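Student: I'd like to learn how to read a protein model feature by feature. Could you walk me through one?

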Amino acid sequence: MRCIKPRPSRAFGALVAAATTASLCVGLPAAHSVSLPRAATYEAEAAHIVKGKVESNHAGHTGTGFVNFDVVSDAYVEFTVQAGQPGATKLDFRYANGTSADRPLDITVNGTQAADDLSFPGTGAWTTWKTASVTTALAAGTNKIRATTSGVDGPNLDSLTVTPQSPTDTEKPTAPKNLRKDKEPTTTSVSLTWDAASDNVKVTGYDVYQHGQLMKQVDGSTLATTVTGLTPETSYDWTVFARDAAPNVSDASNAVTIATLPAPPDGEAPSAPQGLHATGKTATSVDLAWTPSTDNVKVTGYDIYRDGAAAGTTGTATTTVAGLKADTTYRFKVRAFDAKGNRSAFGPEISVTTAGSLPGGTPDPGTVKTLAGGVDVAWGVAFLPDGSGIYTERNTFNVYRLTKSGQKTQLGKVPNSQTTGGEGGLMGVEVSPNFATDHYVYFLHTSSDGNRIARMKLENNALSGYKVLLDGMAKSRYHNGGRLRFGPDGKLYAGMGDAQNDSRAQDKNSLNGKILRINPDGSIPSDNPFGNAVWSIGHRNPQGLDFDSKGRLWQAEFGDNIMDEVNLIQKGGNYGWPNCEGTDGSCSGYIAPKKTWPVSSASPSGLTIINDHVFVATTRGQRVYRLRIDSSSNLVEQKSFFEGTYDRLRTVEVDPDGDIWLTTSTDKDGTAGNDRILLIDVVYSGRPDQGPASSS
């Protein structure tokens, strides 16, 4: 006899709840895992609506509203539902009908009638919500459940709750083995093959990842594939995962690195850029633009030079050169390059003098120096009351104290930490708001049984007293989230990734794919929206977290292969993953991001806020974005700093003096000791080399 804890079932559309968390004790052999049926609720306003509109004028609805059918006999709402296995399923339609007349609906599943004229009698008021139910069979995989008006009108339809009537599968497939090269790579493609995974029911598909980015999906009978659209002469890191219909996702396969072939010979350099000119300047930066170069194949980018030395690269014919001194003249020139490394001659050089002051309180990045070198993936940064910093190394599990003079002291290691061969390990760090009296430092790290939040004491430059505050978060090679941040309410917030099982993001009972919120002692705050540690849902891989001057939480999140995003987080809010990526997909009924970028221009890991200006550090984008929060809570006036100057950028934090600490992740984190922690002097309005008027 063994007890099996239920795991989330996949839900597309707008899954906002999952029922029972009870465990089921069954006398089954270890090869089979089952659990009590789990209910998943889909909001009507996020379904496919024909001849109806979304409204929210009657109290008591869930989600963001309900569907008011048009007064016709063929209006419908169609829900897309995913079933882990075939079988009988109960469908509960939540509705309101403020009339005395029945307003029946016809219910079909995948085009087959499940109920003719299902009764939706009056509920007494439009603010009184009841349930009409039918039990029918669903197929394994995707099901289309349609509710159609059969009379002249229908009820106000709020949601559909789907409850399997038989035990569900909770056992994940085995990891695919022997991932290897199949056919020889080309300049733009890589071919892979692997050995089949096994499952207690059936492997239904394989997901092919390249360093955390989903590149392709194939069905469960396919054991080889070719990924196209790659860059010539580039090494790619490949991993494959198996999944079943539930969907349970396997552990990662072995990782293989395969490079595309070089592009055909090309000895022709691009033309020299012309028309270089300054389009703007501050006390610490100069904006430049020029006429794009031409090439026989393609211009890949531009080298920016300042006073004869390399100052960064850019992929477009504009750039901002930051890290300058006020009222100082600098010389700039630009040259173009192509994919084969052919470089043009420099265009004409120009001289620009920086401004002597800045407009109202704008934090502008000034001069840069290295605080610490020989660092191994500095992931988290936090600050002690004396102004010194604490940083974590993801792969070594070491914790260091670092002063602004560059003095580094190892404080110890975080026990029970493990890497995942990808994005897991020792990640976020945060210092207690009451550190002067309690001496607590908080960590988010990967362990043998998953991701967890833990606490230790820091006294006499040594960490001790390890205590787990929250666990139960699944881990994977990628998508482990990792950022920690105390809020102005004294609660500890955490970004937690979906651990490469995207169905977890919409399951309120799972702690993955969420922003989490706990008390400093690890207990659950009484005002959390779902009765557990979950604060918001529908996230893929959230990392950057910080609060603005109004106490609102902003968050940066890695997208899949289309767009990354910055969100303004609401209590209980649903941000759409996996149904919606940024603004792409089925996004109706979800909270829209405040800013998106193509994944090639961002991959945002760190976020900090200074004077209501949001700074975002990016890995793949190799730059820092700055955006201002305007009076309508939008992000405006985007500027990009340090593009191509310091390679991949991991974490950006503002210190007690109002300056920025910036960490690098130079080579996708494969080589020890080749990263740095940089100190950026931030200059404010009329007060060079002084701290901000206010910062978060």
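Tutor: Happy to. Let's begin with a term we will need: a polar contact is a pair of N or O atoms within 3.5 Å, and within protein one of them must be able to donate a hydrogen and the other to accept it. Keep in mind that this is a predicted model.

Student: Which side chain makes a polar contact with the side chain of Asp-548 at 2.8 Å?

Tutor: That is the side chain of Arg-552. Asp-548 also has a polar contact with the side chain of Trp-554, at 2.9 Å.

Student: Where does Asp-548 lie? And is Asp-548 buried or exposed?

Tutor: Look in the loop between β44 (541-547) and β45 (553-558). Asp-548 counts as buried because its relative accessibility is 5%, and the cut-off for buried is under 20%.

Student: Which residues is Thr-225 in contact with, leaving aside its neighbours within four places in sequence?

Tutor: They are Val-190, Ser-191, Leu-192, Trp-194, Val-208, Lys-216 and Val-218.

Student: Let's go on to sheets. How do strands of a sheet pair?

Tutor: The general idea is that strands pair through backbone hydrogen bonds, either parallel or antiparallel. Here, four strands form an open sheet in the order β32-β33-β34-β35, with antiparallel pairing. β32 and β35 (408-413) are the edge strands, each pairing on one side only. On average, neighbouring strands of this sheet are turned by 25° against each other, direction ignored.

Student: How many bridges link β32 and β33?

Tutor: Four bridges, in the antiparallel sense, with β32 covering residues 378-383.

Student: What about the pairing of β33 with β34?

Tutor: β33 and β34 (residues 398-402) are also antiparallel, over four bridges. Thr-392 has Val-399 of β34 as its bridge partner. This hairpin has four residues between the strands, and Phe-397 takes a positive phi near 70°.

Student: How do side chains of a regular strand sit relative to the two faces of the sheet?

Tutor: In a regular strand they alternate between the two faces. Take β33 (residues 389-393) as the case: Gly-389, Tyr-391 and Glu-393 point one way, while Ile-390 and Thr-392 point the other way. The strand is mostly covered, with five of its five residues buried.

Student: What order do the strands take in the open sheet that holds β24, β25 and β28?

Tutor: The order is β24-β25-β28, again with antiparallel pairing. β24 (274-281) and β28 (318-321) stand at the edges with a single partner strand each, so one side of each is left without a neighbour in the sheet. The twist averages 25° from one strand to the next. β24 and β25 (residues 286-291) pair over five bridges, and Lys-281 stands opposite Val-286 in β25.

Student: Now a covalent feature. What is a disulfide?

Tutor: It is a covalent bond between the sulfur atoms of two cysteines. The structure holds one, joining Cys-580 to Cys-587 with an S to S distance of 2.0 Å. This link is right-handed, with 90° about the S-S bond. At 4% relative accessibility Cys-580 counts as buried, whereas Cys-587, at 21%, counts as partly exposed.

Student: Finally, what is the mean pLDDT of the chain, and where does pLDDT stay under 50?

Tutor: pLDDT is the predictor's confidence in each residue, from 0 to 100. The chain mean is 90, and 92% of the residues reach 70 or more. Stretches under 50 include residues 1-34, for which the model has 115 contacts beyond four places in sequence. Residues 686-696 also stay under 50, with 28 such contacts.

Note on methods
Residues are numbered from 1 along each chain as its sequence is written. This is a predicted model: local features need pLDDT of at least 70, side-chain atom pairs count only at pLDDT 80 or more; totals for chains, interfaces and linings use all residues. Side-chain values use heavy atoms; hydrogens and water are left out. A disulfide is a pair of cysteine sulfur atoms within 2.5 Å. Buried means under 20% relative accessible area, exposed over 50%, partly exposed in between (1.4 Å probe, protein chains only). Helices (H or I, at least four residues) and strands (E, at least two) are DSSP runs, numbered from the N terminus. Two strands pair if DSSP finds at least two bridges between them. Contact means heavy atoms within 4.5 Å. Axes are lines fitted to C-alpha atoms, for helices over the stretch in contact, and angles run from 0 to 180 degrees between N-to-C directions.
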